[in-house]
Amino acid sequence: MRGILLVARRDFSAYFNSIWGYVVMAFLLVVNGLLFNTIAMGQSARPSTQVLEQFFYISFGTTVIAAVLITMRLLAEERQQGTQALLDSCPLSDRQIILGKYLSAMGFLSVITIASVYMPALIFINGKVSIGHIIAGYTGLLMVGSATVAIGTFGSSVARNQLEAAAVSGFVLILMLVMWQLARLTDAPFTDLFSQMSLYDKHFQPFQRGRINLSDVTFYLSTTFLFLTMSIRFIEPRRWR
Amino acid sequence: MIEVKSLTRYYGSHPAVTDVSFTIADNEIVGILGLNGAGKSTILKVLAGLLMPTAGEVCIDGVDMLDASDSFRKQIGFLPEEPPLYVEMTVNDYLCWVGEVKGLSKAQVEDRLLEVVQLCQLESVADQVIDTLSHGFRKRVGIAQAIIHNPKFVILDEPISGLDPAQIVEIRQVITGLKAQCTVMISSHILSEVSQTCDRILVLHDGRIVAQGSEAELSDQLAATQHVEVTVKGDKLAFDNHLSTQEFIAGHKLTDCRPPYASAEVTLVDDNREALASTLVHSGFGIRSIQAGSSELEATFLSLTQTTPTRDTGGEA
């Protein structure tokens, strides 16, 4: 556990010691704020619950983009800058490296997510929404964040550089986002399979509406587990190649 | 003691290192010398635990790296050719973090930090962000990270590459200072560096060790040879052919020269300079100069890596 936390601590502080971390954070918060103002708030009066649902819908998109931007550097940057040799010569297991990297990215994404809380707070103060709805929405965002950061970690572990890492994780994420479309085009049993694998449609909408379903939590945690395991399995044989 | 037994490492189907064996005694500084592509970095990466051997064993005090990879890595400090630095960190923060990752407690790191900073002469930049440091200081930080956890065995891959003469002298002092604390292995293709810093030299060629020993021992191994540089007036190809056919020439290499002149570095079997001059004159070449070749170690190195067959392990050079 100590190794995981040491890797996580260094990577987490690296986001705040470099301009990249601040640029990503500022960009996402500005985009989130603008979209909230133009789409969620809209021109006409709407029920507060609907505005909050729109906010979580927008935040889902920015969370996915944030995950790609945050994770693209995780392992690919180590390879590019030659610091992978330091990690490889340390008494750290591949599991500790991957989990440490994942935790650092997840921590930074959580900071960005929590920094957007002023928007639902405005709705809460000026309208009528329950705290439970806000908590459910943010739980959903953290669940999506966890799964997408794990996918990004996988992308970064298979790629040679950061652009490749962004391309790989972007491809996987887009594939999982359009699963619901594939579900419509196919017959059983693929309809159910694709539908279950959809990152947004089936699993995030309940959170967006203020409900926390155990099956949806399980889906996001399973996706996280799957992609982290794949990342570890992918980097393990590098000493033998 | 570090023991390497029959180490072989393939990249795909290409053998980078073949059947390499050597031992290094405690507190010895050993240099590994070879041309680019000879397999130096591959050996160092295997010793540092970055690569696994295809065959053979690497042991520290009798413990095989494959049996206890974590404890093996705790005993090793590694500086790759390009120092692995997190440039956004300060020198102190970076060294503390590396120390903790390599298994020291916070208190142990704090105790050790001052010692390492002094040894590597980093006092003036200890609180500086690494990104702002010169190349020489970055190398020193690289060495500091390799020794922060008090390893038994320190591996330095081309530690002076890219440094100016003043920095080379400083780094040489740092490396010599390490001898009191640990065993050191240095790779370099700079002959003078290896001869000045190391107690013993391993000469590597085409993934095999072709000779090993101190500078004097290596020179003794080739005592029967004489290295000369020859410049003649005549056709370059004819000169090349002529040198190839002489029995008293162990090897030769043409060097750059403007027509109508031709030059070569020639390794003679015994001191046959008179015979060389005689045969060149009889063959119609006008001798411009025959002079002693490069330094003793350089001559040895060139002989070992250019002549065939090889003189030690029986491998092909």
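The paragraphs below describe a predicted model. Local features need pLDDT of at least 70 and side-chain atom pairs count only at pLDDT 80 or more, whereas totals for chains, interfaces and linings use all residues. Residues are numbered from 1 along each chain as its sequence is written, and chains are lettered from A, with ligands numbered from 1, in the order in which they are written.

A:D94 belongs to helix α6 (residues 94–115) of chain A, helices being DSSP runs of H or I with at least four residues, numbered from the N terminus. The C-alpha atoms of A:D94 and A:W180 are 34 Å apart, at a separation of 86 residues along the chain.

Between the chains, 16 residues of chain A are in contact with 21 residues of chain B, contact meaning C-beta atoms, placed from the backbone, within 7 Å. On the side of chain A that touches chain B, α1 (2–17) and α5 (84–89) each supply at least two residues.

A nonpolar core is a set of buried Ala, Val, Leu, Ile, Met, Phe, Trp, Tyr and Cys residues joined through C-beta atoms within 7 Å.

| Core | Residues in core | Residues including |
|---|---|---|
| Largest | 136 residues | A:L109, B:Y94, B:A144 |
| Second, separate | 14 residues | B:V230, B:F239, B:L243 |

Conventions. Two residues are in contact if their C-beta atoms, placed from the backbone, lie within 7 Å. A residue is buried if 20 or more other C-beta atoms lie within 10 Å of its own, exposed if 12 or fewer, and partly exposed in between; C-beta atoms are placed from the backbone.
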